[in-house]
Amino acid sequence: MLAVLRIFMTAVAALAMTAPAQAGVKALLFASDYVASQDKRLQLDNPVTDARMIAAALRRTTVDEVELVEEPDAARWEAAFENFTASLSGDDIALVYFAGHGFQIDGSNYLLAADGRSLVGLDAMLRRLTEAAHGVVFVVDACRNNPMLDADSSTALEIVEVEGNMRALETVTLDDIVFSNKGLAQVGSLRGLSAVVFFSTEPGNVAEDGESAGKGSPFAIEFAREIRRRQSLDETFRKTAVAVNERTGGRQSPWRQGDLPFDVFIGGMRALPIP
């Protein structure tokens, strides 16, 4: 009996050593249809619908906190991001989702705020998040089109600083973004195993916004379905990519960059069979 107990305790200890991290998960979602933008060409049909769909799915999972920020201008974006990073502990998993327009400028990725003139750097956000959290999951559902291709030559956008003590805005001219119709770039700031970024489409491609307004995009529909299942994040990414590729007839293939040194189960772990 003593030998059996000793074997059992050894097995329990081994399971504890190999078990996935059970840190808390906090989620922040940004989405813009650009309804308030002065440039109507920026307007999209489904980003806010997509974010609401995914927020609802996350609230049915193990995620501790879910905050959805709709139509954020530069000031609201910065305030929400600062509050979110301040709330993270060194044990937390930070999950951030963005739906809207994204641009690649000189190899760096920028996300467009709802005001239609402020860009937030994806690389800068990732650096801040990896400093504050145990691990970072960033989902980028952007690149739906490039509305700036036929914009007026006087068009200019501003880059919002989200790291360091500087809050000055840097101007980006139309010439900088007119060729960004080729999609987002790989993230150059990812180092080690601190973050994973899941893009709604592969580099150089455009993500579909959905067949009709308010019905959701192909990526959001499939991601919301998979994220609440009892499976690892790796499985969620893989199954979402396969489903989106099938739904769009091969026109769109989500992809990931980076990795984490542990498994993450957003929807909860699978129940293990009793031996």
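**A close look at one helix**

Guide: Let's go for helix H6, where Pro-218, Phe-219, Ala-220, Ile-221, Glu-222, Phe-223, Ala-224, Glu-226 and Ile-227 are buried (under 20% relative accessible area, with exposed meaning over 50% and partly exposed in between, using a 1.4 Å probe and protein chains only). That makes nine of its 10 residues, leaving H6 mostly covered. Before we go on: this is a predicted model, in which local features need pLDDT of at least 70, side-chain atom pairs count only at pLDDT 80 or more, and totals for chains, interfaces and linings use all residues. Residues are numbered from 1 along each chain as its sequence is written, and side-chain values use heavy atoms, with hydrogens and water left out.

So what covers the buried residues of H6? The cover includes H2, S3, S7, S10 and H7. (Helices, H or I with at least four residues, and strands, E with at least two, are DSSP runs numbered from the N terminus.) The protein chain has seven helices and 11 strands in total, and 51% of its 275 residues count as buried.

Take H7 next. H6 spans residues 218-227, H7 spans 233-247, and the two pack at an angle of about 145° with 9 Å between their axes. (Axes are lines fitted to C-alpha atoms, for helices over the stretch in contact, and angles run from 0 to 180 degrees between N-to-C directions.) On the H6 side, the residues that meet H7 include Phe-219, Phe-223, Glu-226 and Ile-227; on the H7 side, Leu-233, Phe-237, Lys-239 and Val-244 are among the partners. Contact here means heavy atoms within 4.5 Å. Sorted by class, this contact has nine nonpolar, two polar and five charged residues. (Ala, Val, Leu, Ile, Met, Phe, Trp, Tyr, Cys and Pro count as nonpolar, Asp, Glu, Lys and Arg as charged, and the others, Gly among them, as polar.)

Glu-226 deserves a moment of its own. This H6 residue counts as buried, with 8% relative accessibility. Setting aside residues up to four places away in sequence, Glu-226 touches Gln-231, Thr-236, Lys-239 and Thr-240.

Thr-61, which sits in the loop between helix H2 (47-58) and strand S2 (65-70), is in contact with Ile-227, Arg-228, Ile-266 and Gly-267, leaving aside neighbours within four places in sequence. Thr-61 counts as buried too, at 14% relative accessibility.

Now for a strand in the cover, S7 (residues 135-141). Seven of its seven residues are buried, so S7 is largely enclosed by the rest of the structure. In a regular strand, side chains alternate between the two faces of the sheet. Both faces of S7 are covered: Gly-135, Val-137, Val-139 and Asp-141 lie on one side, with Val-136, Phe-138 and Val-140 on the other. S7 runs parallel to S3 (residues 93-99), joined by seven bridges, and Phe-98 stands opposite Val-140. (Two strands pair if DSSP finds at least two bridges between them.) S7 is also parallel to S10 (residues 195-199), with five bridges joining them, and there Val-137 stands opposite Val-196.
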